[in-house]
Amino acid sequence: MSSEKEAALAAVLDDSPTIFDKIIKKEIPSTVVYEDEKVLAFRDINPQAPTHILIIPKVKDGLTGLAKAEERHIEILGYLLYVAKVVAKQEGLEDGYRVVINDGPSGCQSVYHIHVHLLGGRQMNWPPG
């Protein structure tokens, strides 16, 4: 079993701070590539492509995963995708890239703070996973 799959199956959905909450508070170092008042984007520590960036909202607001999205989250969900485009351009991914949101244990979500994976810098394959 892959370490990502093991992490996803072991992940617990509760109210305790996630690693992403600690990164937002600068309690854990990260390589930030984009930051504004709404989101933080940083390099994944276990990259699955030459460019692998995580984009997270700074305020979780109950949005632990896509399945928890409510109408009040429409703006931030759209903004996460817009920032993915901005960061992709900043990273020089003109030839294309992939945007992924893992949701729940079967979707291999290992951190319950919604996040977008921006992957690029190589040819992606289909089907994924």
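Reader: Which residue in β5 does H52 stand opposite?

Author: That's L119. Keep in mind that we're looking at a predicted model.

Reader: How do you know that β3 and β5 count as a pair?

Author: Pairing takes at least two bridges between the strands. Here 5 bridges join β3 to β5 (residues 116–120), so the pair qualifies. The two run antiparallel.

Reader: What about β2, and what makes it a partner of β3?

Author: Again, check the bridges: β2 (residues 39–43) is joined to β3 by 5 of them, and the cut-off is at least two, so they pair. These strands are antiparallel as well. In this pairing, A41 faces I55 of β3.

Reader: Why is β3 called largely enclosed?

Author: Buried means under 20% relative accessible area. In β3 (residues 51–57), 7 of the 7 residues are buried, so the rest of the structure largely encloses this strand. Both faces are covered: T51, I53, I55 and P57 lie on one side, with H52, L54 and I56 on the other.

Reader: And what makes β1 a partner of β2?

Author: There are 3 bridges between β1 (residues 32–35) and β2, and at least two are needed, so they pair too. They run antiparallel, and a hairpin of 3 residues connects them. Y34 stands opposite A41 here.

Reader: Why is Y97 called partly exposed?

Author: Its relative accessible area is 36%. Buried would be under 20% and exposed over 50%, so Y97 falls in between. Y97 lies in β4 (residues 97–100), and together with L81 and V99 it makes a nonpolar surface patch of about 250 Å².

Notes: Residues numbered from 1 in each chain as written. Predicted model: local features only at pLDDT ≥ 70, side-chain atom pairs only at ≥ 80, totals over all residues. Heavy atoms only, no water. Buried < 20%, exposed > 50% of the residue type's maximum accessible area, 1.4 Å probe, protein only. Helix = DSSP H or I, 4+ residues; strand = E, 2+ residues; numbered from the N terminus. Patch = residues over 30% accessible without salt bridge, like charges linked within 9 Å, V, L, I, M, F, W, Y side chains within 5 Å. Areas by Shrake-Rupley, 256 points an atom, 1.4 Å probe, with all protein chains shown as cover. Salt bridge = Lys/Arg side-chain N within 4 Å of Asp/Glu carboxyl O.
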